Amino acid sequence: RDTNFDLTGDYAIQIPLQRTNVFGRGVYRLNDDVRAFAEVGFNHIESAAILSRTAVNARETTNVPGVPYNASFVTPQMAALLAQRPDPKAPFALRIASPLDFPEREIAFSRDMYRVLTGLEGRLMDKWDWSASYSYSHLSTTEVQRGDISRRTFVEASTPSATDPTKCASGNPRCVLITSLTNWSPALVDFLRVDNISSTSITEKILSGQITGDLFELPAGPLGIALGAEYRSVSSADNPAPVL
C-alpha cells in the first residue's frame, strides 16, 4: 500500500558544483609546407549534496521477493487488511518514508575527461591541402550514494523464522528483525543501510585523414574535390553498485 509523504523539503534547489577546465593547442612549422599540431584538453567536475532520508520501496521484482504477509512488523490492523485480499498469504508491497532514526542520504559525483589530439597538416604542390590526425579521449565518472536501503535487505529483515519468530528466517547473524515502521534501533539502521559506489568509463580513439583541392578549371570556376577517411573505436564499461 502506498502512503503519502513529502520529503522534498530537505532538497536543495541547486547543489554545489566545482568545475575545472584546461585547454591547450600548439603548432610547430616543420617546413614551409608541413606543420605539426597538438591539442590537450582536461575537464574535472565534482558535486556533492545531502538529501532527505531514503524511502523504503519494497516490492516484488525479478530477483527480490515481496514483503511476506507475516512480516515481523505487521500489526493486527495491517493483518486484517491483508486478510481481505483474494490471496491472504500473498506477498505485498510497501512504500514508506524511513523513520527519523535513519540518516539523511549523501550523494557525490565526480567526472574526469581528457582528450589528446596530434597530427600533421600541410599543402601539396600549392594546390592540395591535407591533414592527418590521431586523437585519444577518455571519460570516467564515479557516483557515490550513502544512506540507501537495499530492497532485498529490507525483505530479509521483515521475514521472521518459522521456528523462532525473534530471528530472521535467513539465519544471517547480522540480520535484525523490523518490529516497527516508526522506530529503528542503531543495529537495524546499520543492517539496512547500504553505501553504493558506481563507476562508468568511456574511451574513444580516432584516426583520420583528409585532402582537399582543385582538379581542373571549368568555365564557371575550378572543380574542387574533398576526400577523407576515418577509423573510430569507442569502448565503454559500466560498473553499477550491486544493490543498484
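**View 1. Leu 100 sits in a loop between two strands.** In this predicted model, Leu 100 belongs to the loop that joins strand 4 to strand 5 (105-124). Is Leu 100 buried or exposed? Its relative accessibility is 73%, so Leu 100 counts as exposed, because the cut-off for that word is over 50%. Look also for Arg 53: this residue is 47 residues away from Leu 100 along the chain, yet the two C-alpha atoms are separated by 7.9 Å.

View 2. Met 125 is not a glycine, but its phi is positive, about 55°. Asp 126 also has a positive phi, near 60°.

View 3. Which residues does Trp 184 touch, once neighbours within four places in sequence are set aside? Its partners are Val 56, Ser 98, Pro 99, Asp 101, Phe 102, Ile 149, Phe 154, Ile 178, Val 189 and Leu 192.

**View 4. The largest nonpolar core has 24 residues**. Trp 184 is among the residues with the most contacts inside this core, together with Val 67, Phe 73, Phe 154, Ile 178 and Leu 192. At least two core residues come from each of strand 3 (55-58), strand 4 (94-97), helix 2 (151-158) and helix 3 (186-192). Helix 3 gives the largest share, four residues.

**View 5. Stepping back, the protein has three helices and eight strands**. In sequence order they follow the pattern β-β-β-α-β-β-β-α-α-β-β. The radius of gyration is 30 Å, well over the 18 Å given by the globule rule for 244 residues, so the protein is more spread out than a compact globule. Along the principal axes, its C-alpha trace spans about 95 × 40 × 35 Å. How many of the 244 residues count as buried? The share is 30%. Finally, among contacts between residues at least 6 apart in sequence, 71% join residues at least 24 apart.

Notes. Residues are numbered from 1 along each chain as its sequence is written. This is a predicted model: local features need pLDDT of at least 70, side-chain atom pairs count only at pLDDT 80 or more; totals for chains, interfaces and linings use all residues. Side-chain values use heavy atoms; hydrogens and water are left out. The radius of gyration is taken over C-alpha atoms; the globule rule is 2.2 Å times the number of residues to the power 0.38. Buried means under 20% relative accessible area, exposed over 50%, partly exposed in between (1.4 Å probe, protein chains only). Contact means heavy atoms within 4.5 Å. A nonpolar core is a set of buried Ala, Val, Leu, Ile, Met, Phe, Trp, Tyr and Cys residues joined through side-chain atoms within 4.5 Å.
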